[in-house]
Amino acid sequence: MPEFPDIPRHVAIIMDGNGRWAKERGLPRREGHRAGAESVREITDTCIELGVEYLTLYAFSSENWNRPEAEVKALMALLDRFLAEKAKDLKRQNIRLLAIGQLDRLPEKTRKLLAKIMAETAGHTAMTLVLALSYGAREEIVGAARGLATEAAAGSLDPSAIDAGIFASRLQTAGIPDPDLLVRTSGEMRVSNFLLWQISYAEIVIVRKFWPDFRRNDFIEAVQEYQRRHRRFGAL
Ligand code: IPE
Ligand code: IPE
Ligand code: MG
């Protein structure tokens with residue numbers, strides 16, 4: 001959008017506060033997740049409108065498996081429904097879908113749906129939507145380290161050749177630029193095991209609203225806040 005010259009290329013969002021949003025209304029937590037899915041649709045559309053190239057959404061963390069089984073089931077069912085409904089829009093809007101996280105822990109139905117949509121949208125160029133599912137940054141980093149150690153032990157990699165670039169190329173986000181802007185809703189000031197490597201120089205914007213209340217204007221305000229920041233990357 002021309003009125004915004006300095007659009008972050010990659011925005012990552014910790015979508016938090018669905019449960020509290022529902023509690024405030026005397027509703028079950030799953031209703032908060034359902035309302036949160038509406039925000040996902042609106043924010044994806046807004047990213048397309050503004051020209052954001054990559055949107056990464058923290059939808060389910062590796063720690064979220066520790067929630068009560070009923071909530072986990074409700075979240076997986078919602079994810080299935082979101083994917084099935086969103087597939088058409090992704091084609092219409094020319095959006096490529098990617099997923100990061102321990103995807104083998106997801107139900108088979110969800111994995112198949114994801115694989116199908118990722119294959120169908122692989123050539124799309126308007127935006128990349130990255131869903132972090134069963135995602136934990138520590139697990140991702142450990143996985144990269146394990147892969148490098150295995151190659152070094154096998155003699156196919158010289159340990160002294162490992163640098164930050166090689167390490168990043170072994171993360172699940174290989175090929176995706178680091179986030180410029182990290183947004184967390186619900187006012188919590190923590191990163192909860194999200195993209196620990198990749199957010200090294202991201203600008204962090206904490207929004208007090210719960211995720212289901214976070215809509216187009218809130219996203220634009222977060223981008224404007226980002227635009228007021230002076231990124232230095234350690235230099236002057
Ligand atoms: C975010 O909302 C969605 C997920 C983590 C899956 P929460 O479910 O964490 O809602 P709160 O933070 O308990 O309000
Ligand atoms: C982070 O939110 C994970 C997602 C948004 C998917 P949580 O609600 O799980 O994180 P904590 O428990 O507040 O750190
Ligand atoms: Mg939460």
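**Tryptophan 21 and helix H1**

I looked up tryptophan 21 and found it buried, with a relative accessible area of 13%. Buried means under 20%, exposed over 50% and partly exposed in between, taken with a 1.4 Å probe and protein chains only. Tryptophan 21 belongs to helix H1. Helices here are DSSP runs of H or I with at least four residues, strands are E runs of at least two, and both are numbered from the N terminus. I then took the C-alpha distance from tryptophan 21 to arginine 105: 28 Å in space, for 84 residues in sequence.

**Ground rules**

I am working on a predicted model, where local features need pLDDT of at least 70, side-chain atom pairs count only at pLDDT 80 or more, and totals for chains, interfaces and linings use all residues. Residues are numbered from 1 along each chain as its sequence is written, chains are lettered from A and ligands numbered from 1 in written order, and side-chain values use heavy atoms, without hydrogens and water.

**Ligand 1**

Which residues come nearest to ligand 1? I noted Asp16, Gly19, Arg20, Arg29 and Arg67, out of 13 residues around the ligand. A residue counts as near if one of its heavy atoms lies within 4 Å.

I went through the polar contacts next, that is, pairs of N or O atoms within 3.5 Å; within protein, one atom must be able to donate a hydrogen and the other to accept it, and sequence neighbours count only through two side-chain atoms. Arginine 20 uses a backbone N or O atom, 2.7 Å from an oxygen atom of ligand 1. Arginine 29 brings a polar side-chain atom to 2.9 Å from a ligand 1 oxygen. For arginine 67, a side-chain N or O atom is 2.7 Å from an oxygen of ligand 1. Ligand 1 has 370 Å² of accessible area on its own, and the protein covers 87% of this area. These areas come from the Shrake-Rupley method with a 1.4 Å probe; for residues, only the protein chains shown count as cover.

Where do the shell residues of ligand 1 come from? Helix H1 (18-24), helix H2 (29-50) and helix H3 (69-92) each supply at least two. H1 gives the most, three residues. By class I logged three nonpolar, five polar and five charged residues. The nonpolar class is Ala, Val, Leu, Ile, Met, Phe, Trp, Tyr, Cys and Pro; Asp, Glu, Lys and Arg are charged; the others, Gly among them, are polar.

**Ligand 2**

The list of residues around ligand 2 includes Ile14, Asp16, Phe60, Asn64, Arg67 and Arg190. Strand E2 (residues 54-61) gives the most to this shell, with four residues. I logged five nonpolar, three polar and four charged residues.

Aspartate 16 has a side-chain N or O atom 3.2 Å from an oxygen of ligand 2. Arginine 67 has one at 3.3 Å from a ligand 2 oxygen. Arginine 184 places a polar side-chain atom 3.2 Å from an oxygen of ligand 2. The protein covers 78% of the 390 Å² that ligand 2 has on its own.

**Pocket check**

The space taken by ligand 1 is the largest pocket. Ligand 2 also sits in the largest pocket. A pocket is an open set of points on a 1 Å grid over the protein atoms alone, with protein on both sides within 12 Å along at least five of seven lines. Sitting in a pocket takes more than half of a molecule's atoms within 2 Å of its grid points.

Most residues other than glycine have a negative phi. Serine 186 has a positive phi of about 80 degrees. I placed serine 186 in the loop between strand E5 (181-184) and strand E6 (203-206). Serine 186 counts as buried because its relative accessible area is 9%. Phenylalanine 233 also has a positive phi, of about 50 degrees. Phenylalanine 233 lies in the segment after helix H7 (216-228).

**Other spots on helices**

Is glycine 32 buried or exposed? Glycine 32 is buried, at 0% relative accessibility. Glycine 32 lies in helix H2, and its C-alpha is 21 Å from that of valine 191. Methionine 76, in helix H3, is buried at 7%. Its C-alpha is 14 Å from that of tyrosine 58. Arginine 111, in helix H4 (residues 108-121), is partly exposed at 33%. From arginine 111 to alanine 59 I noted 15 Å, C-alpha to C-alpha.

Key
On a 1 Å grid over the protein atoms alone, a cavity is a set of points where a 1.4 Å probe fits but cannot get out, and a pocket is an open set with protein on both sides within 12 Å along at least five of seven lines; lining residues have an atom within 4 Å of a point.
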